Number of protein chains: 2
Amino acid sequence: MAKLFVVGIGPGDYEQMTLKAINTINNCDVIVGYTVYCEIIKPYFSDKKFISSGMRQEKERCMTALNFAQNQNTAVICSGDAGVYAMAGLIIELSDNFDNVDINIIPGVTAALSGGAVLGAPLGHDFAVISLSDLLTPYSVIQNRIKLASQADFIICIYNPSSKNRSDYLKKACDIMLKYKKEDTVCGIVKNIGRCNEFKTIITLSELKNYSADMFTTIFVGNSKTYLKNGFMVTPRGYIV
Amino acid sequence: MAKLFVVGIGPGDYEQMTLKAINTINNCDVIVGYTVYCEIIKPYFSDKKFISSGMRQEKERCMTALNFAQNQNTAVICSGDAGVYAMAGLIIELSDNFDNVDINIIPGVTAALSGGAVLGAPLGHDFAVISLSDLLTPYSVIQNRIKLASQADFIICIYNPSSKNRSDYLKKACDIMLKYKKEDTVCGIVKNIGRCNEFKTIITLSELKNYSADMFTTIFVGNSKTYLKNGFMVTPRGYIV
């Protein structure tokens with residue numbers, strides 16, 4: 001029985017892959033993934049067969065992987081983790097006619113963690129992860145989650161803050177958050193995590209409202225206790241210092 | 001200038017460490033950590049000096065690390081990620097009189113991701129991570145977060161579900177969740193992730209209410225779309241299959 005591995009490759013640099021992710025890819029014959037992620041890891045696995053495809057080709061990509069996995073050990077690579085807004089779920093959902101494929105999920109460092117480490121320790125307490133992409137989720141559901149997560153005083157980590165067709169979604173999310181979180185709430189922005197042009201900045205929630213993010217950006221909105229210290233964004237766990 | 005690294009070592013097995021975490025520890029002279037985590041990684045870094053201490057010694061442990069880091073490259077190890085309910089924040093908070101210590105955070109695979117991978121793909125959509133430990137957080141805050149996260153239809157990942165002094169907290173959390181989530185909501189339980197006695201099971205939210213968890217357990221409560229397929233817990237992103 002051939003195996004299919006859904007592998008989280010972390011933010012992008014080889015060093016931030018787990019040893020298990022590296023070993024898994026080395027033991028596979030075929031690597032399937034979004035073009036950008038394939039290009040990132042190709043130099044480290046140059047003897048492998050890569051099958052890459054573009055954005056919004058997720059379903060076709062998973063079917064390709066499931067088909068290859070009937071005969072060859074196959075890896076589907078995902079940026080960050082294998083399961084967080086990634087391909088693990090879709091692979092399982094599409095696996096109905098592939099009883100002979102053994103599915104395995106290999107976790108990786110998602111942007112909430114890799115971006116958090118760049119900023120310091122923003123996720124030191126309870127947090128919510130929310131994607132602003134309404135491609136597959138009703139916008140009203142997203143807005144309601146932003147509202148309730150703010151009311152709960154969660155640290156909020158925002159994935160997919162912007163794209164061409166929804167350039168004002170981050171601004172709208174800030175409007176909601178500003179009803180429950182203070183204007184000077186500490187917010188961290190990280191872009192191109194673990195890549196050569198990595199960028200970070202720490203601003204306030206009222207400044208975030210006018211920030212122009214792109215799709216490679218992850219945003220951290222602090223809770224009421226989050227503060228800035230020596231350039232680091234820190235949310236205390238509650239230890240008395 | 002010596003360096004202090006706060007390193008997330010992942011769930012426990014060597015293979016689930018990132019290459020960066022491994023390289024970092026190899027480049028340090030002193031490794032500081034909670035006794036259990038030190039014992040787990042000692043076999044792989046047997047030439048290092050380990051300084052271990054027990055539970056609730058977090059502040060002392062961080063001070064020890066900051067002191068060592070004045071002269072030697074030092075790693076503070078954390079289970080899972082370095083920042084999620086871990087030591088990165090406390091190290092930064094305590095760093096006031098250590099201007100000569102360069103602090104670096106190395107992220108790792110937190111239990112939400114490693115446990116999620118064991119179960120399938122529970123975190124395929126927006127989620128909240130909540131600790132039930134009220135050692136450092138008022139219980140009312142925790143209860144309010146459970147309530148609002150349920151109202152928002154987040155997948156909820158519960159850390160520290162139980163301990164000696166709060167054996168009924170998971171039951172109480174379920175009572176709150178059951179007001180907003182259905183009785184048959186799919187819930188995943190993972191214990192001793194990545195260790196020799198790893199255990200998983202998938203049950204309903206009404207069954208979770210009577211489940212006896214321990215402190216090595218991570219719990220995943222699905223959203224309204226989460227379902228069970230071929231033994232996997234899956235939360236669809238929304239792709240039409």
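A: **The sheet and its surroundings**

In chain A, 5 strands make up an open sheet with parallel pairing, in the order 3-2-4-1-5. Strands (E, at least two residues) and helices (H or I, at least four) are DSSP runs numbered from the N terminus, and two strands pair if DSSP finds at least two bridges between them. Strand 3 (49–53) and strand 5 (102–106) of chain A are at the edges with a single partner strand each, so one side of each has no neighbour in the sheet. On average, neighbouring strands of this sheet are turned by 20 degrees against each other, direction ignored.

This is a predicted model, in which local features need pLDDT of at least 70, side-chain atom pairs count only at pLDDT 80 or more, and totals for chains, interfaces and linings use all residues. Residues are numbered from 1 along each chain as its sequence is written, chains are lettered from A and ligands numbered from 1 in the order in which they are written, and side-chain values use heavy atoms, with hydrogens and water left out.

Within strand 5 of chain A, Asn104(A) stands opposite Phe5(A).

Helix 3 (residues 58–68) of chain A lies across strand 1, strand 2 (30–34), strand 3 and strand 4 (74–78) of chain A, where contact means heavy atoms within 4.5 Å. Helix 3 of chain A runs at about 175 degrees to strand 2 of chain A; axes are lines fitted to C-alpha atoms, for helices over the stretch in contact, and angles run from 0 to 180 degrees between N-to-C directions.
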